[in-house]
Amino acid sequence: MILDPQNHSIIIADHWNRRVIQWMNQKQQILIENIDCRGLAMDKYGFFYVSDYMKNEVRRWKMGEYNNEGIVVVGGNGQGNALNQLNSPTFIFVDEDQSVYVSDSDNKRVMKWRKDPKEGIVVAGGNGEGEDLNQLSLPQGVIVDDLSQIYVADYQNNRVMRWCEEKGEGEIVVGGNGQGNQLNQLYGPAGLSFDDEGNLYVADYYNHRIEKFEVSL
């Protein structure tokens, strides 16, 4: 789910119904149909991005122009673990340069695709499934801060990791204290978001709560 700042509407990846919908003024409109959508993102240039976890790709549309199939900007080369492929992409994030970050969940990695590339680069994980600092287990939410640090909701490891693009491993910034419902624990972290003051919000899925954390840079 994302908020369109231009008209203050809410755009939702209604993935079980295989569609993207928009809610505005208590009215629903279907924007895109027949898509196995999981992640949504917008950029400052008015483009809208959707990950399709069955087609293993991310497509881009111009905001307000949905009467077409969009353009594949990530993946689209079948399921796999090559640098031009994805395997069940979920959450996505688009930075100021229109680089697309993708939680490539079944490949246990986060990929970064710069604008108009033929393939991406691994910026987090990619070393098999596990709980070491260079590994991820079913990564979900992904977001990048103003210092280009990459935050990943490491779903099955019940932690949030922070990675720098050039480093081979990340660091734990939230959780990592086992599965649970204590304030220093998570149980299936999914979505991530920052506020204007740099506080990190985590959708703690199986604990049915949203948590707020002050994260030191």
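## A buried aspartate and its partner

Asp 36 has a relative accessibility of 12% and therefore counts as buried, where buried means under 20% relative accessible area, exposed over 50% and partly exposed in between, with a 1.4 Å probe and protein chains only. The model is predicted, so that local features need pLDDT of at least 70 and side-chain atom pairs count only at pLDDT 80 or more, while totals for chains, interfaces and linings use all residues. Residues are numbered from 1 along each chain as its sequence is written, and side-chain values use heavy atoms, with hydrogens and water left out.

Asp 36 forms a salt bridge with Arg 18, and the closest N and O atoms of the two are 3.0 Å apart; a salt bridge is a side-chain nitrogen of Lys or Arg within 4 Å of a carboxyl oxygen of Asp or Glu. Because Asp 36 lies in the loop between β4 (27-33) and β5 (37-42) and Arg 18 in the loop between β2 (9-14) and β3 (19-24), the pair ties together parts that are 18 residues apart in sequence. Strands are DSSP runs of E with at least two residues, helices are runs of H or I with at least four, and both are numbered from the N terminus. Arg 18, at 33% relative accessibility, counts as partly exposed.

## Other salt bridges

The count by this rule comes to 12 salt bridges. One of them joins the side chains of Asp 14 and Arg 19 at 2.7 Å, N to O, and Asp 14 is buried at 16% relative accessibility.

Another links Arg 162 to Glu 171, with 2.9 Å between the closest N and O atoms; Arg 162 is buried at a relative accessible area of 7%, whereas Glu 171 is partly exposed at 38%.

## A four-stranded open sheet

Four strands form an open sheet in the order β13-β14-β15-β16, with antiparallel pairing, two strands being paired if DSSP finds at least two bridges between them. The edges are held by β13 (139-144) and β16 (171-175), each of which has a single partner strand, so one side of each is left without a neighbour in the sheet.

Strand β15 (residues 159-163) runs antiparallel to β16 and is joined to it by four bridges. Met 161 has Ile 172 in β16 as its bridge partner.
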